[in-house]
Structures are given as structure tokens and as C-alpha cells.
Amino acid sequence: MKKITFPLIAVIGIAAVFTLQSCEKNPDTSQLSAAFVVATSRASTVNFSDYSTYFISDTISYVSNTNSNDTIITGPAAAQIISEIKANMDANGYTFVARNQNPDLGLKALAIKNVNAGVVYPPGWWWGYPGYPGGCYWGCYPPYYPMPPVAYKYSVGDFITETFDVKNAETNNNLQSIWYMQLSGVLSSTDATNVTRTTDGIDQAFKQSPYFKK
Amino acid sequence: MKKIIIILIASFSLAVTAKAQSLHNLYGVSWEVGFPVGDFIKKVSYSGGKLEYRHFLKPNISVGGTLSWNNYEEYFTQQTYENADQTQAITTDNDRFVFTLPMTIDGFYYLEGGATFQPYVGIGLGAQYSSQSIYYNIFVTEDKNWGFIARPQIGTLIKFSSTSPTRVMLAGGYNWSTNKNEQLKIDNLQNFWLSIGISFTN
């Protein structure tokens, strides 16, 4: 019988490894829904029942590196989205007041699109972007985000709502972000679909944050 | 002349029988079904297989090597996942996927099994390449890694006839590997498996 030499076995083995690696299937992702991925994060030391009032602007800041002119989203779509946030806040026992009436909580909605895919950003990096009301909007305090990012990549379409502790800003000497939600996914070509996905995501964000109530 | 032919046929038959009873090498290909252990994926995989070679040092002892592969995949409907201190939560549906590619050096001990069956016990030790992924919405979190693997197993060779060089192979075993994925909280990969295949011997 002809002997099989070690080099021959090695060559066959290496060829087989490369052949078998091609046996790796392509995952079937057709079942995945188009619903936004809903991520929420909170400051661990805060008692949310210590707050009573809140304010949120009717406009949504728009951060994008593809169109620097379009910095604010307004109109019916923005109104519907902001209304959904208000409805959840009201249902959780908080009262909406005007910004000049010293709200305990300051909420801010922003949409992000096409910002350097794959780069890791800490929450709050959007301060200073055109359209984002940074500076002294909530009083002249530096922003402080005590939580690590839930999602690290902002690439395709993200809707974020952050909540600041305006009530204790002077005591803390900073503007602490105590809760934020991030909805991530593909934006549809139709506004109606995007609004529906966003409002569904907002409801889910509050639902998965049962601690966020008066 | 007739006598010579009878003697030749008899001699040839004896030679084939003798050869069939004393194996030198075995080349096998099998379909492998994987039963994952652990929480990451629970769904049975029918997308696996293996190629193996055995060299018989003695009639009841062989050494060799096995290359096998498997694809585990399971879809999870939308649910909320929280971190340990419940300060972060994420809600999504997701599709989880694990590919395994163990490569082992094997040793087998064959038991007395009669004319048809040749049962064996053995173990394969080696390395395993694996990739683990979670797909959600348009995103994917994935990692590729190598680990040590042990594959204890039992099985049997089944002869078609006393002269045939072909054997059916039935086997079952357990895979334990050190492939680790901190991001997806996987400390090791484990699974049971069953295989059926065919082999050629000389």
C-alpha cells in the first residue's frame, strides 16, 4: 500500500480548513422587524419622583454631516413626536410648564443621521452642533453625562431624547443628563412610517423605564 | 485448469476477507446534527458535517484527525435586555448565529462487536475556530475567536458485508470548547451532537 506522507496530509488538511470555512452559512435576517432598536439609560443615583415639572421644545434638533443647513425638524412630524413624549411624561405624573417657569426637568429631542459610521462617541457629543441648543439654554452649566453609551455607533438614523436635571443644576454646578433614550434603525422614505416607528419607539422607551415616574 | 481457477478464487476471497478484518486506514464523511447547550442559542442545527481520517495502529486502536463544522441560528422575537444594575435597557428582536469549525486529533478504541458492528469510544482534542453574531435591525455585533476543544464520543462502524471496504458510521458526542466572547457574554461553547456518515477503508 502506498504510504500517505505527512506533508500530503497537511496540505489536504489546510485545503479542507479553507473549504470548510466556506461552509459558514449566511444568516437569514429576513425575519428581523423594521422596528427601531430602543435603548435607554439612566443615572443610577437619581430618584425620579423628586421632580414634578418638565419642559420640551416643539422642535427637534437635526445633526447630520450630509446637510449642514437642515438643523431643525419642525412641522406635523415633529409635533406628533413631541406630543408622544409629552403624553408619556404626563401619564407618568409630570406636569408640562413653559421654559421660563423653572421646570425641574429639561427634555431635548434630536435626530442624527449619517454621522461617521463606526466611530465611538460618548453621549452628549452633539453639544455644539448647529441646531442643538447648547450654551445657556438650560442655564449656564456644563453638561454632565454620568452614564456610558448604550449604543456606540450613530450611522443610519437615530432619534434621541435626553432629560436634564435642571432643578439641581445650580447645586450640582452642572447639567446632569439623568435619562436618555436612543431609537436606532433605518429611516423609511415616507415620513408617516418614520413617525409611526418613532412614536412606537418612544412608548417602548418609557415602558422599559418604569422608574421614570413621579 | 479448473482446479487452478478454484484455488485462485478461494485465495482471493481469503485475501479480501483477511484485509477487511484488519483495517489500515479509514476515510469518512458525515452529516452532523448539533444540539447547543446554553442560553445564547437553543435551536438544533441540521447544517453541520465532518470529514475524518483514521489510521489503525492495531486492529482495535486508531489515531487520526477530524474537521467538522456547524451553523447554529435562532431568531428571538422582540424583548428587553437589561444590564446587571438595571441602569440600561435595550429592546429589539434579534437573530443569533454561531459558526463552529473544530479541528481535532483523535484517538479511538474499538470494542468487540460481532460480524456487523464495530463499536468504539474515543476523544478528539484540538482547536476550534468560531464566529458568534447578533443581528438586530440593520446592525450586527460579532466576534471571531479560537479556543481549545475536547470532543469525547462513542460510535459504531457498520459493515455492509464482510468483504466491502465501505462502512456506515454512526456516532454521538459532546463538544466543549474555550471559545469566549465577552461582548455577548459567552464563556465557552458546548453542544451535543449526533452524526451519520459513510466511510471507505483499506
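The contact takes 31 residues from chain A and 31 from chain B. Two residues are in contact if their C-beta atoms, placed from the backbone, lie within 7 Å. Four strands of chain B each supply at least two residues to the side that touches chain A: β2 (45–58), β3 (61–82), β4 (88–110) and β5 (117–136). Strands (E, at least two residues) and helices (H or I, at least four) are DSSP runs, numbered from the N terminus. β4(B) gives the most, with 11 residues. By type, the side of chain B that touches chain A divides into 14 nonpolar, 13 polar and 4 charged residues. Here Ala, Val, Leu, Ile, Met, Phe, Trp, Tyr, Cys and Pro count as nonpolar, Asp, Glu, Lys and Arg as charged, and the others, Gly among them, as polar.

This is a predicted model: local features need pLDDT of at least 70, side-chain atom pairs count only at pLDDT 80 or more, and totals for chains, interfaces and linings use all residues. Residues are numbered from 1 along each chain as its sequence is written, while chains are lettered from A and ligands numbered from 1 in the order in which they are written.

Now look at chain B. It has 1 helix and 8 strands. From the N terminus on, the order is α-β-β-β-β-β-β-β-β. Buried residues make up 33% of its 202 residues. A residue is buried if 20 or more other C-beta atoms lie within 10 Å of its own, exposed if 12 or fewer, and partly exposed in between; C-beta atoms are placed from the backbone.

Next, find strand β1 (residues 37–42) of chain A. It runs antiparallel to β4(B), joined by 4 bridges. Two strands pair if DSSP finds at least two bridges between them. A:T40 has B:A89 as its bridge partner, and A:A39 stands opposite B:I90. β1(A) also pairs with strand β9 (residues 175–184) of chain A, in the antiparallel sense, over 6 bridges. There, A:V37 stands opposite A:S184.

Why is β1(A) largely enclosed by the rest of the structure? Because 6 of its 6 residues are buried. In a regular strand the side chains alternate between the two faces of the sheet. In β1(A), A:V37, A:A39 and A:S41 point one way, and A:V38, A:T40 and A:R42 the other.

Finally, follow A:M181. Leaving aside neighbours within four places in sequence, A:M181 is in contact with A:V38, A:A39, A:T40, A:I160, A:T161 and A:A205.
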